[in-house]
Amino acid sequence: MKRLILVGGPMGVGKSTVCRALMERLSRCLYLDGDWCWNMRPFSVTEETRALVLDNICSVLARDLRCPELDHVIFGWVLHQQETIDTILSRLPLEGVEVVSISLLASPEALRTRLEPEGRRPRDGVVERSLAYLPLYEKLNTWKLDTTRLTPEEAAAQISRLLGQC
């Protein structure tokens with residue numbers, strides 16, 4: 001059975017790095033980073049750009065899920081609202097697809113350390129947004145994984161074990 005693995009979490013939690021490490025553990029796999037679909041200049045969050053990004057994400061994921069050469073499709077993005085997850089899933093061809101939704105979490109201190117690396121200034125407001133989003137993940141219908149004390153490889157190993165149980 002094909003799997004769609006949704007990996008969400010606040011900025012700085014390690015989604016991209018964990019997803020790349022997870023790719024190394026899974027067979028016939030593709031990884032789509034939701035930020036790639038929102039790579040625009042100037043960066044602007046409006047009703048129109050949000051609709052564009054969701055259309056792009058759903059179109060790409062739908063094609064990926066239809067590809068017979070893939071067993072696993074990993075999608076990583078902030079995914080801090082159940083409504084966003086549900087909207088994406090409602091627009092995908094999920095017959096014969098197992099969906100696994102995971103939220104990566106970390107302590108506020110760990111997020112701050114990851115987003116404020118020594119000697120570098122974080123993007124404006126990213127630390128505050130990440131910390132504000134953190135409590136929203138507890139309300140989601142997802143499997144939660146605290147990455148505070150995990151390397152990306154350890155987090156990917158835990159996700160692999162979860163997938164073996166599904």
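Which side chain meets that of Glu98 in a salt bridge? That of Arg3 does, with N to O at 2.7 Å.

## Basis of the model

This is a predicted model, in which local features need pLDDT of at least 70, side-chain atom pairs count only at pLDDT 80 or more, and totals for chains, interfaces and linings use all residues. Residues are numbered from 1 along each chain as its sequence is written, and side-chain values use heavy atoms, with hydrogens and water left out.

## The Arg3–Glu98 pair

A salt bridge here is a side-chain nitrogen of Lys or Arg within 4 Å of a carboxyl oxygen of Asp or Glu. The structure holds five of them. The side chains of Glu98 and Arg3 form one, at 2.7 Å from N to O. Glu98 sits in strand β4 (residues 97-105) and Arg3 in strand β1 (residues 2-8), so the bridge ties together parts that are 95 residues apart in sequence. Helices (H or I, at least four residues) and strands (E, at least two) are DSSP runs, numbered from the N terminus.

Both Glu98 and Arg3 are buried. Buried means under 20% relative accessible area, exposed means over 50%, and partly exposed lies in between (1.4 Å probe, protein chains only). Arg3 has a relative accessible area of 14%, so it counts as buried. The side chains of Arg3 and Glu98 are also joined by a polar contact of 2.7 Å. A polar contact is a pair of N or O atoms within 3.5 Å; within protein, one must be able to donate a hydrogen and the other to accept it, and residues adjacent in sequence count only if both atoms are side-chain atoms.

## Other salt bridges

Asp55 forms a salt bridge with Arg91. Their closest N and O atoms are 2.3 Å apart. This pair also links distant parts of the chain. Asp55 is in helix α2 (residues 47-66), while Arg91 is in the loop between α3 (82-90) and β4, 36 residues apart. Asp55 is partly exposed, because its relative accessibility is 37%. Arg91 is partly exposed as well, at 38%.

Glu116 and Arg112 meet through their side chains, at 3.8 Å from N to O. Glu116 has a relative accessible area of 34% and is partly exposed. Arg112 is partly exposed at 37%. Elsewhere, salt bridges link Arg28, Glu69 and Asp71 in a network.

## Strands β2 and β3

Where does β2 stand, enclosed or open? Four of its five residues are buried, so β2 is largely enclosed by the rest of the structure. β2 (29-33) pairs with β3 in the parallel sense, over five bridges. Two strands pair if DSSP finds at least two bridges between them. Leu30 has Val73 in β3 as its bridge partner.

The chain runs from β2 through α2 to β3, and this β-α-β crossover is right-handed. That term applies if, with the strands pointing away from the viewer, the path from the first strand over the helix to the second runs clockwise.

## Helix α5

Which residues of helix α5 (residues 126-133) are buried? Val126, Val127 and Ser130 are. They cover an arc of only 100 degrees around the axis, which puts them on the same side of α5. The arc is that of the directions from the helix axis to the C-beta atoms. The buried residues of α5 pack against α4 (108-115). Contact means heavy atoms within 4.5 Å.

## Backbone details in the loops

The peptide bond between Arg41 and Pro42 is cis, with omega about 0 degrees. Pro42 lies in the loop between β2 and α2.

Arg28 is not a glycine, yet has a positive phi of about 40 degrees. Arg28 sits in the loop between α1 (15-25) and β2. With a relative accessible area of 40%, Arg28 is partly exposed. Leu79, also not a glycine, has a positive phi of about 45 degrees. Leu79 is in the loop between β3 (72-76) and α3. At 5% relative accessibility, Leu79 counts as buried.

## Ser90 and Glu128

Ser90 lies in helix α3. Ser90 is exposed, with a relative accessible area of 58%. From C-alpha to C-alpha, Ser90 and Glu128 are 31 Å apart in space, and they are 38 residues apart in sequence.
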